[in-house]
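Could you walk me through this two-chain model, a piece at a time? I'd like to know what to look at in each chain and where they meet.

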Amino acid sequence: MGLLSSRNSITRYKVSGQLDGPVHETVYQGLKQHAIPKIEDEGSESIVGWTSVETPYAPNFEGYSFVFGTYMLFALRIDKKSIPPKLVQKYYTLNVSKHLADTGRQYLSANEKKAIKENVINSLSRRIPAVPNVYDLVWDYNSASLWFFTNLKAMNEALETLFVKSFNLQLTRLIPYTAAVLTSELSDRERDLLQSLGKHRSEE
Amino acid sequence: MLDIAIAYNRYKFLGNEFLTWLWFIIETGPENLRRHDADLVSIAVGNRMVLENTRNNTKETVTIKGDNAGLEEGRLAIKKGALVAEIHLSYKTGANQFEFSLKGESLNISSLKLPETGPIETPEDLEGVVLEKIYLIEKVVEFANGLFSRFVHLRLSDAWDSQTKAQIRKWAGSI
């Protein structure tokens, strides 16, 4: 899902805090440090990191290539291994049959079955490549706003975690409450009313 | 600030009330929306709307879809106490035509279709297209932000209970 797609889904964020140091250089260092690894870790089920929009499968942020005018454009990439359940079932059944034949027994204990299943999953996980998913984001540092180009909850959570780790800045999703508090310039009286309105509704 | 998960559930209703009010304004006085976009040409409900009625501890959902779908069912649902949970909008500002959906509980924008931008034929074209896309998205985001902000101030004013609620009920009942 990206800025250049024909249709977009956008989750809006407010960025809290200021970077320590020059903006582009600090962001560049954060991106480089938390870029998605080029070599896949065979053992892990999923890996998350930053990548570049132009070359999502070979992250490159050199020359501040993520800077477009006053905006910064880069992407979150999540590589996830997804093992089809039917494949697990196939190898599990074959392994159980082999084990029974090898030991001459008719039944396996629950623990033995569990161990065979785990072995099958681990073995398949090493052989199956991870599927990459790339989600662009646009960050306007001056207005402290950020658009993330997906509405998927798991991806939103991955972004929020990686963002704070990389830049030491907090992201706040703009949902009705936060949009009212952070972007609607409420008076003190209005803020109080908003709080009591929510409390009143949650008690209903 | 409230914890985000608590705030999400506690204030879902605010987003749904916003979309309900927005539909009411679109139907009864869209010219009032020019204060948020001086170049506004038109705004209309598009091809999908979802309404939810959560009164009496049950959830009833009404979905209306189709390019020429009548929206009477939606007004009837509002009359019975439902709120708009999702709305697809067709929005024209200046020469630019947009389509997008807004979800009440999250204020997320989805299915955003922008006007055509120039092609990317060389690496040098990229920056221009990126900036053009951002400019266009900003139009939609700012319009939505402006509308939500106006709604929140109205919702937190005395006029909401003394006037607006009655106006929306009257409009919903006039089918």
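Of the 175 residues in chain B, 33% are buried, where buried means that 20 or more other C-beta atoms lie within 10 Å of the residue's own, exposed means 12 or fewer, and partly exposed is in between, with C-beta atoms placed from the backbone. Before going on, keep in mind that this is a predicted model: local features need a pLDDT of at least 70 and side-chain atom pairs count only at pLDDT 80 or more, while totals for chains, interfaces and linings use all residues. Residues are numbered from 1 along each chain as its sequence is written, and chains are lettered from A and ligands numbered from 1 in the order in which they are written.

Chain B has five helices and five strands; helices (H or I, at least four residues) and strands (E, at least two) are DSSP runs, numbered from the N terminus. Read from that end, the order in chain B is α-α-β-β-α-β-β-β-α-α. Its C-alpha trace spans about 60 × 40 × 30 Å along the principal axes. Among the contacts in chain B with a separation of 6 or more, 58% are between residues 24 or more positions apart.

One residue in chain B deserves a stop. Ser111(B) sits in strand β5 of chain B and has a positive phi of about 50°, although it is not a glycine. It counts as partly exposed because 15 other C-beta atoms lie within 10 Å.

Now over to chain A. Here you'll find six helices and seven strands, arranged from the N terminus as β-α-β-β-β-α-α-β-β-α-β-α-α. The radius of gyration of chain A, taken over C-alpha atoms, is 23 Å, well over the 17 Å that the globule rule (2.2 Å times the number of residues to the power 0.38) gives for 204 residues, so the chain is more spread out than a compact globule. Along its principal axes, the C-alpha trace of chain A spans about 80 × 55 × 35 Å. Buried residues make up 28% of the 204 in this chain. Of the contacts in chain A with a separation of 6 or more, 68% link residues 24 or more positions apart.

How confident is the predictor about chain A? The mean pLDDT (the predictor's confidence in each residue, from 0 to 100) is 92, and 96% of the residues score at least 70. Confidence is lowest in α6(A), with a mean of 85, and highest in strand β6 (residues 145–148) of chain A, at 98.

β6(A) pairs with β5(A) in the antiparallel sense over four bridges, and Leu137(A) has Phe148(A) in β6(A) as its bridge partner. Strand β5 (residues 131–140) of chain A also pairs with β4(A), again antiparallel, over nine bridges; there, Leu76(A) stands opposite Tyr135(A). The β5(A)–β6(A) hairpin has four residues between its strands, and Ala144(A) takes a positive phi near 55° in it. Ala144(A) is a residue other than glycine, and with 16 C-beta neighbours inside 10 Å it counts as partly exposed.

Next, look at helix α2 (residues 85–103) of chain A. Just after it, Gly104(A) takes a positive phi of about 70°.

So where do the chains meet? The contact takes 33 residues from chain A and 32 residues from chain B. On the chain A side, the elements giving two or more residues are β1 (7–16), β4 (71–80), α5 (176–183) and α6 (188–203), and α5(A) gives the most, with seven. The residues of that side divide into 17 nonpolar, ten polar and six charged; Ala, Val, Leu, Ile, Met, Phe, Trp, Tyr, Cys and Pro count as nonpolar, Asp, Glu, Lys and Arg as charged, and the others, Gly among them, as polar. Strand pairing crosses the boundary too: three bridges join β1(A) to strand β5 (residues 109–113) of chain B, and the two run antiparallel. Within that pairing, Arg7(A) stands opposite Lys113(B).

Conventions. Contact = placed C-beta atoms within 7 Å. Pairing = 2+ DSSP bridges.
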